[in-house]
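Here's a quick briefing to read with the model open beside you.

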Amino acid sequence: MTLPSLAWYWPLIGGLMIGTAAGGFLALTGRIAGVSGLLANTLGLSRGGDRALSALFLAGLLVSSGVALAVKPISLPSPAGSPPVLLILAGLLVGFGTRLGSGCTSGHGVCGLARLSPRSLVATGMFMLMGMATVAVARMIMGDGA
Amino acid sequence: MIRLAAFLSGALFGLGLVVSDMANPARVLAFLDVAGNWDPSLALVMAGALIPSAIAYRWVRARNAPVLAAALHIPRQRQIDRHLVIGAAVFGIGWGLAGVCPGPAVALLATGQTFALVFAAAMVVGMLLHWLIYHFRTTEGSP
């Protein structure tokens, strides 16, 4: 897999934008910008949450990233390259796990850590460690090309 | 007004995901690949995101109410329980398999590519499974 190098300031600028978006959403609407929670709210798969606001946040995300990805396309793994079973399994685990664990990279990793929430600190450490372990195991099984 | 704020926050969030290249599964996997050709981008994104996010949190906490709504909706739960730890672990395994978490999953839908559609569909099924198991099991008698 060839990954083009990325100047250090792009992740930093993008991060500032993500944090400003999450912070702005909290300061203006009073709600946490955690995408897994907002998606569950939008789909009616949660108890609390404002459905319209959640849907609008996701609509904004989809529209802007759609435009940005049209300007700066990224290459996704082709269906032939990655086994569909693994991709489906990955999606199932991400969907189930983020709901069971009450958050994902945005809810725990950005919003929760900014609040110094002990729960989010534990969750973020856990999903980072498990993500790293999974990549390490996948590398061992599939060789260095994975 | 509050609806416009929600839409614009989402739009800025999505733009940030693409600018930082976090919508790119290969970039995320390269961060998780600590034993290989490690890419620190995701750590820089988190660092950059935490600064404005923490400032906004402190500001709105001191103000005691958000600008466009009556009350703050911040998780009240404090306990580090089994669900939190197991859920985060399960999420981490899925994240490591595909390099996609929920934010990028929504962003990538815009590409219309099979990879994005299959992942997002499976993710929604995973959320639905959780809802069916944990919601209906605890509906009766709960407030």
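In chain B, the contact between α2(B) and α3(B) brings B:Arg27, B:Val28 and B:Phe31 of α2(B) up against B:Ser41, B:Leu42 and B:Ala43 of α3(B). Keep in mind that this is a predicted model.

**The α2(B)/α3(B) pair**
- By class, the residues of this contact split into 4 nonpolar, 1 polar and 1 charged.
- The two axes come within 8 Å, and they cross at roughly 95°.
- An angle from 65 to 115 degrees counts as roughly perpendicular, and α2(B) and α3(B) are therefore roughly perpendicular to each other.

**Chain B as a whole**
- Of the 143 residues in chain B, 51% are buried.
- Take the contacts in chain B between residues at least 6 apart in sequence: 39% of them join residues at least 24 apart.

**Helix α1(B)**
- α1(B) covers residues 2-19, and its 18 residues should span 26 Å at 1.5 Å a residue; the end C-alpha atoms are 26 Å apart, which agrees.
- Is α1(B) mostly covered or mostly open? Mostly covered, with 14 of its 18 residues buried.
- After α1(B) comes B:Asp21, which has a positive phi, near 65°.

**Helix α4(B)**
- The buried set includes several glycines, namely B:Gly87, B:Gly92, B:Gly94 and B:Gly96.
- Also among the buried residues of α4(B) are B:Phe91 and B:Trp95, along with B:Leu84, B:Val90 and B:Leu97.
- Just past the end of α4(B), B:Gly99 takes a positive phi of about 80°.

**Where chain B meets chain A**
- The contact involves 104 residues of chain B and 96 residues of chain A.
- Which elements of chain B give two or more residues to the side that touches chain A? They are α1, α2 (25-32), α3 (41-63), α4 (82-98), α5 (102-109) and α6 (114-138).
- By class, that side of chain B has 76 nonpolar, 23 polar and 5 charged residues.

**A helix pair in chain A**
- Over in chain A, helix α2 (residues 35-42) packs on helix α3 (residues 51-71) at an angle of about 120°, and the axes are 8 Å apart.
- That angle makes α2(A) oblique to α3(A).
- The crossing of α2(A) past α3(A) is left-handed.
- On the α2(A) side, the contact is made by A:Leu38, A:Leu39, A:Asn41 and A:Thr42.
- From α3(A), the residues in this contact are A:Arg51, A:Ser54, A:Ala55, A:Phe57 and A:Leu58.
- Sorted by class, the contact of α2(A) with α3(A) has 5 nonpolar, 3 polar and 1 charged.

How values were computed
Residues numbered from 1 in each chain as written. Chains lettered and ligands numbered in written order. Predicted model: local features only at pLDDT ≥ 70, side-chain atom pairs only at ≥ 80, totals over all residues. Axes fitted to C-alpha atoms, helices over the stretch in contact; angles between N-to-C directions. Helix = DSSP H or I, 4+ residues; strand = E, 2+ residues; numbered from the N terminus. Parallel < 35°, antiparallel > 145°, perpendicular 65-115°, else oblique. Left-handed = near helix turned anticlockwise from the far one by under 90°. Contact = placed C-beta atoms within 7 Å. Nonpolar A, V, L, I, M, F, W, Y, C, P; charged D, E, K, R; others polar. Expected span 1.5 Å × (residues − 1). Buried ≥ 20, exposed ≤ 12 C-beta atoms within 10 Å, placed from the backbone.
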